[in-house]
Amino acid sequence: MSDPVLQIIGLKTQFQTRRGVVKAVDGLDLELHPGETFGLVGESGCGKSVTALSILRLLPKPAGRIAAGRILFDGKDLATVGEAEIRRIRGNRISMIFQEPMTSLNPVYTIGFQIEEVLRKHRGMRRAEARAEAARTLGLVGMPEPAARLDDYPHQFSGGMRQRAMIAMALACRPVLMIADEPSTALDVTIQAQILDLIARLKQEFGMSVLLITHDLGVVAEICRNVAVMYAGKVVESAGVDELFSRPVHPYTVGLFNSLPRVGGRTGGLKPIPGVVPSLANLPPGCAFQDRCSRRHEACGEEPPWREIVPGHHARCWKPLEVSHGAADSGR
Amino acid sequence: MAQPILVAEHVAKHYPLKGAGFSRRRGRVLAVADVSLSVAAGEVFGLVGESGCGKSTLGRALLRLEDPTAGRVLFNGEDIAAFDPPRLKQFRREAQIIYQDPYSSLNPRRQIGDLIAEPLDIHRVGTPAERQERAAWLLKVVGLLPEHARRYPHEFSGGQRQRIVIARALALNPMLLLADEPVSALDVSIQAQVINLLKELQTQFNLTYLFISHDLNLVEYISDRVAVMYLGRLVELASRQELYREPLHPYTQALLSAAPVPDPRAPKNRILLTGDVPSPVHPPAGCSFHPRCRESRETCRSEAPAFRELSSGRFVACHNR
C-alpha cells in the first residue's frame, strides 16, 4: 500500500479542568491513505472531534494540549511544528468542515469574500483572480448561479447551501486531506443525501483523503472504506467497513448496532446498551466500557490489549465476540 | 379500526408575517395547510417530515396549544375549540406532551420529586404526601430510583432527564401522549433505552401516542400508522408496513431512499432530490412538491392534488397515483 497521507501515533490530548485532567483522547493510532475515506465513529464525548481539532491544532487554549504522540503529515509532526507552519497547512493542505455551517461562516462577510480570503492568503492570488476562482469552486459544489451568489451573505443561504459554501471554502486550495466533522448532521435527510453524494464525488475528482467524523453508522456505511469506533478517548475497534458492519467483535460496537432501529421491520427489537458513558475525568481502571458490558470478567480491570482479530480487523477487548459466531447477525 | 381518540378535520395554521420597522412587506407563513387525520385509541401514530414541514405546529394545534386558523379538532368526539375552562383543564390532564430537549424542559432549580409532582399539585390530586409517593412510584416506572426525588436536574444525564420528563407526563394518567422528537437530542445507545421505555409504557398504561420525528427508522420501529408531511400538508398516510414496503408518493420514496442505511452492502439506489424545500411563505402553485418531483406534469404545476384514499386506509396526495 502507498505511504499514508496522515499517520497519528499514540496521540494523547488532555484538558485541564477544575475537576482534574480530562483525557479526551488517550493513545490514538490512525493511518489515512491517499484517496481513502475513513470514518471515525462514536457517541458524544468520545473524543472524535478532539482528535480532529488536535490534527489542526485548533484546541482551546490554554485548557487543551497535546500531551503525547505524533501527528505525521508531509514529513512533519503537526503536534510540534511552529504556529506559522501549522497556519500554512490549515485550510490549505488540510481543511476542515464543521457540523453547524451557520456558526462557522462569518455572518458579516459575503460568501465570496470568505472563499476569496482563503485563496489570497494561501495561494497569493489577487482579488479579481481569487473572485473568479471562488465562483468556479462554488460551481463545483453544485451552487446554482455561483457568480451571482458571491455577494450574498450567509443568512441568505439555506442550510444545505451554507454547507455547500463551507465545502467550497474547504476545497478552494485543493487540499490533500479534508476533515469533515459531522458534515450532514444538522441537515435534513434529503439534503444530507445531497451533501454526502457531493463529498464522495469531490473526493473522486480531486483524489483527496477524507476523515469523516460522525455518530451516524448509516453515514459511515454510505461513504467510508475504513472505520474506527471510539469510546471514552480510545479506539476500541477498527476494520474495513464491510468487515466491521458484518462482523463486529467489540461488545460496544455490537451494542451500537443493536441500538439502531433498522429499515425493514422491527425484528428482534432494540437492545440498548445499559447505563451511561462514564465521565472522562473519572474512568474506571482498565477497560472504560466494563460497567456497561455484558461480557465483563475479571481481566477487564486491566487495560485490554489491542489485538488483531483477523487481518486488518483490530479490537481492544479481553473477550471479543467470536468472529465465526456471526454476532452481528444474531443481534440484528 | 378502534374508536378514534383524536380527529383533525381540514386543520390549517397560518402565521402573519410582520414587516420589520416601516417595511410594507406583508404575507403569511402557511405552517399547516388543510390536514385531516384520525388517531385511533391505543395506536402509535407516527408523523414524519423534514424541518419546517409543520409537523410540530400540527401537533401543537391538535393539543390546543395553538389555535388553528381553520378546521377543527375532535378529542373523543368533542370539539376542543369549544371546551370551556373546566373542560380545558380536564383536557390538559388527558393529553400530555414530551419535547425534544430534556435540558430546557426541566426547571434547573427544582428537585426531581417536585417536578414530577407539579402536575398533581396544579390539578390538586391527592394529599401532598400521596403526591410525593406517586412521584417516587413514577420514578421507578421509568427506570430511576425513588431516592432520585431529592436531586436536581443537572445531576442527571440526557437520557435520564428524558425519563424524568416522561414520568412527569404520566403523572396525571393521560390517554394521549404527544412525543415531539423525544429522542433526537440523545446518543444512539441512549435513544434505544428511551424508545424501549416508551413502548413498554404504552402497553402498561394503555396510551395513545402521536409520535413526531424526522427519523424514518425510528418512526418505522415504533409506529402502527405513519403520515408523511411536506410543506404543511400530508402527502401520504398508510399503515407502517404498507408505507415502508411500498411508498407511493414521490416525496416519500425520495425520503426513504435518502435515509442512510447502516449496512454497506445495502443497495444504494438513492433518489437524489434537487434543490431545497421551498419557503412556506411562497409555496409553489399546484402541488407544493412539483419543483423537486421527477414525475411532475403540467397538472402538477397548476392544480393542488387532493388527499385521496386509494385503498382502505391508504391515503396519498398525488396526481400520478
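In chain B of this predicted model, four strands form an open sheet in the order β2-β1-β4-β5, with antiparallel pairing, where strands (E, at least two residues) and helices (H or I, at least four) are DSSP runs numbered from the N terminus and two strands pair if DSSP finds at least two bridges between them. The edge strands, each pairing on one side only, are β2 (28–40) and β5 (78–79) of chain B. Strand β4 (residues 70–75) of chain B pairs with β5(B) in the antiparallel sense over 2 bridges, and Leu74(B) stands opposite Asp79(B) in β5(B).

Local features need pLDDT of at least 70 and side-chain atom pairs count only at pLDDT 80 or more, whereas totals for chains, interfaces and linings use all residues. Residues are numbered from 1 along each chain as its sequence is written, and chains are lettered from A and ligands numbered from 1 in the order in which they are written.

Turning to the interface, 34 residues of chain A are in contact with 31 residues of chain B, contact meaning that C-beta atoms, placed from the backbone, lie within 7 Å. On the side of chain A that touches chain B, at least two residues each come from α8 (189–206), α9 (217–223), α10 (241–246) and α11 (251–258) of chain A, and α8(A) gives the largest share, 7 residues. That side divides into 16 nonpolar, 10 polar and 8 charged residues, counting Ala, Val, Leu, Ile, Met, Phe, Trp, Tyr, Cys and Pro as nonpolar, Asp, Glu, Lys and Arg as charged, and the others, Gly among them, as polar.

Notes. Two residues are in contact if their C-beta atoms, placed from the backbone, lie within 7 Å.
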